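User: Hi, could you walk me through a structure I have to look at for class? I'd like to go slowly and ask things along the way.

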Amino acid sequence: MADNASASFDLELTGGTVSQSLAEQIGKLNACTLRLLRRAETVGRPDLTLKAIREARANMELLARLTGALDEAPVLVQTVVVMPGPSDEPEPCLILDLPS
């Protein structure tokens with residue numbers, strides 16, 4: 001394969017390798033997204049601004065995943081629910097007047 005300026009090559013990063021052309025494409029996509037974000041802010045369109053923010057966040061997340069900068073280790077969440085103990089008094093919501 002002939003070497004030229006547009007040939008893709010591997011870029012060493014924390015989580016492995018990502019092709020330089022892919023990283024460049026994501027960079028260009030993010031630059032375009034940020035331009036649209038600034039334009040939406042300038043014209044006072046909060047709906048478009050929020051959409052552009054979401055896209056910029058997704059671009060950053062994708063780049064972080066590809067470079068290994070995003071820690072995706074599973075997180076264990078434990079919840080402890082404390083319930084009151086039994087009492088001799090009946091619960092008011094359980095007292096029913098049923099016809100005999």
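Analyst: We can begin with the overall layout of the chain and then turn to its charged side chains. Please keep in mind throughout that this is a predicted model.

User: What about contacts between residues at least 6 apart in sequence, how many of them join residues at least 24 apart?

Analyst: Among those contacts in the protein chain, 37% join residues at least 24 apart.

User: Switching topic: how many salt bridges does the structure hold?

Analyst: There are three salt bridges in the structure. One of them pairs the side chains of Arg 45 and Asp 47, with 2.8 Å from N to O.

User: Which side chain meets Arg 57 in a salt bridge?

Analyst: That partner is Glu 61, and the N to O distance in this salt bridge is 2.9 Å. Both Arg 57 and Glu 61 belong to helix 2, which covers residues 46–67, and they sit four residues apart, or about one turn of the helix.

User: Which side chain meets Arg 65, then?

Analyst: The side chain of Glu 61 forms a salt bridge with Arg 65 as well, at 2.7 Å from N to O. Glu 61 and Arg 65 are again both in helix 2, four residues apart, which is about one turn of the helix.

User: So what links Arg 57, Glu 61 and Arg 65?

Analyst: A network of salt bridges links these three residues, with Glu 61 pairing with Arg 57 and also with Arg 65.

User: How accessible are Arg 57, Glu 61 and Arg 65?

Analyst: Arg 57 has a relative accessible area of 45% and is partly exposed, Glu 61 counts as partly exposed at 28% relative accessibility, and Arg 65 counts as partly exposed at 44%.

Conventions. Residues numbered from 1 in each chain as written. Predicted model: local features only at pLDDT ≥ 70, side-chain atom pairs only at ≥ 80, totals over all residues. Heavy atoms only, no water. Salt bridge = Lys/Arg side-chain N within 4 Å of Asp/Glu carboxyl O. Helix = DSSP H or I, 4+ residues; strand = E, 2+ residues; numbered from the N terminus. Buried < 20%, exposed > 50% of the residue type's maximum accessible area, 1.4 Å probe, protein only. Contact = heavy atoms within 4.5 Å.
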